[in-house]
Amino acid sequence: MKKLFITLWVASLAMPTLAQNKATVNAEGATVTINRHIYGHFAEHLGRCIYGGFYVGDNNKTIPNKNGVRLDVVDALKKMKIPNLRWPGGCFADTYHWKDGIGPKAKRPKIVNTWWGGVTEDNSFGTHDFLNMCELLGTEPYLAGNVGSGTVQDLSEWVQYVNFPSNSPMSNLRQQNGRQKPWNVKFWGVGNEAWGCGGNMKPDYYANIYRQYSTFMNSQVGTEKIFRIASGASSDDFNWTETLMKNIPGSMVEGVALHHYSVFGWGENAKGSATEFTETDYAHTMNEALKMDEFVQKHSDIMDKYDPKKKVALVVDEWGAWYNVEPGTNPGFLFQQNTMRDAVLAGATLNIFHKHAERVRMANLAQAINVLQAVILTDGPKMLLTPTYHVLEMYNVHQDATMLPVDVKADEYKVGEYKLPAVSVSASRDKAGKTHISLVNIDAGKPQTITVNLKGISAKSVSGRILTSAKVQDYNTFAQPNKVKPAPFSGAKLTGDELTVTLPPVSVVVLEM
Ligand code: AHR
């Protein structure tokens, strides 16, 4: 009897569940665009993100590079279609004095990176290096200005240095440093985490300071105004958003930021290992990640009160998973591995951003290389793509497509105290008329089947790609860089306007119709 029970139980683990999960894609009347800028990234002077990650030095003869920027990285990020890149921080931004990073490299001052590891920052990667790198990547720069320890004049002059065409002290200085044309930078952050590392300010104090700084950030990019982003709330600090929206006139702000990390706790070593975790730990991380939906909704509701026409964007300019650093690495470098857990987290989070595309028009995964939930890891000349990279590359079909609202009724995935939706879904239609549906099976224990009603989509065929692996703990290493990589997917069946999809445990699928 006991043997029969165990046999049935084991068989049930291997079998797809009955199709309980249901979704309806509503194509009719869809008008909201998924702004490509929600696929943005973040590069801070932190650990090996810039030095060793993006930049290996102008005189490096062993790693192929252009002006010190690694070409393997450029190639990978272009394939992923990176739309924007935030720099130079993070916390570092509020210690950064941009004039330290221009002019002859040998003459640039060396400073101590007080936030991240106390290492020497020689300023060899500065404004020209970053903005030229963005041109090489075909990505839009997003510069984060120093409000915490800088001055209004410094930030105002940085705007002039990079954006004024000619005949001003700052454009003349830029030209002396070898760059004739302005770079025309549109995205500007006015400080970072002003409630914390950016100056420990109270919201009403920051709102006033913001007004002062933004007044002097007076530049156009072509015919457009620059896009100024106020330092935003952390996770559920709704009072921060309320105070900013109440006190900053709409004419002075184009975006309000939000940061949300999926983390167990902020104590040292309280964050758990990036690779050695239980299914309960996985569910805990996903529970934190899925809070993004509620946070974005509530911050948006507050913004709606003051800005019902949704002119001001919600900019989630730091998001992702944060674990303990890899054993033996500098605790100030935030270097962590990246598993299928992170791929599922990325897929589900991007689906949340799609759902809120009307208000969330920009976001930045933290961070691009060798730091936190990175898309690329490097080790000297070696480079690998993480499972998170593959999700962002697979999802890039949604960039600038029309969001198709999806109603999802998902089964429950229950682990210990955590009750999560088993699947997450989003959809869009691109300019060529192709519909893409992204599906994530969050359930680590069993496959999930979902039926998707395609209202108003006359699909003739379906094809797709899948990212999955035997275990949620699987990841890529320099010895095995392709252990986790996308593969063709044949688990979707189209019958009339109904799609039935069976998703293996912890998988991310993108379908094209
Ligand atoms: O991304 C790492 C750090 O996290 C950033 O510097 C800061 O803004 C946040 O607290």
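A disulfide is a pair of cysteine sulfur atoms within 2.5 Å. The structure described here is a predicted model, in which local features need pLDDT of at least 70 and side-chain atom pairs count only at pLDDT 80 or more, while totals for chains, interfaces and linings use all residues. Residues are numbered from 1 along each chain as its sequence is written, and side-chain values use heavy atoms, with hydrogens and water left out.

One disulfide is present in the structure. It joins C91 to C197, with the two sulfur atoms 2.2 Å apart, and the link is left-handed, at -90 degrees about the S-S bond. Distant parts of the chain are tied together here, as C91 and C197 lie 106 residues apart. C91 is buried, at 10% relative accessible area, and C197 is buried as well, at 15% (buried means under 20% relative accessible area, with a 1.4 Å probe and protein chains only).

What, then, of C134? Its sulfur is 12 Å from the closest cysteine sulfur, in C49, and is therefore too far for a bond. C134 is buried, with a relative accessible area of 1%, and C49 is buried at 0%.

Turning to the helices, the axes of α2 (residues 71–80) and α10 (residues 387–395) come within 8 Å and cross at roughly 45 degrees (axes are lines fitted to C-alpha atoms over the stretch in contact, with angles from 0 to 180 degrees between N-to-C directions; helices are DSSP runs of H or I, at least four residues, numbered from the N terminus). The two helices are therefore oblique to each other (angles under 35 degrees count as roughly parallel, over 145 as roughly antiparallel, 65 to 115 as roughly perpendicular and the rest as oblique). A76, K79 and M80 of α2 meet Y389, L392 and E393 of α10, where contact means heavy atoms within 4.5 Å.

Technical notes: Buried < 20%, exposed > 50% of the residue type's maximum accessible area, 1.4 Å probe, protein only.
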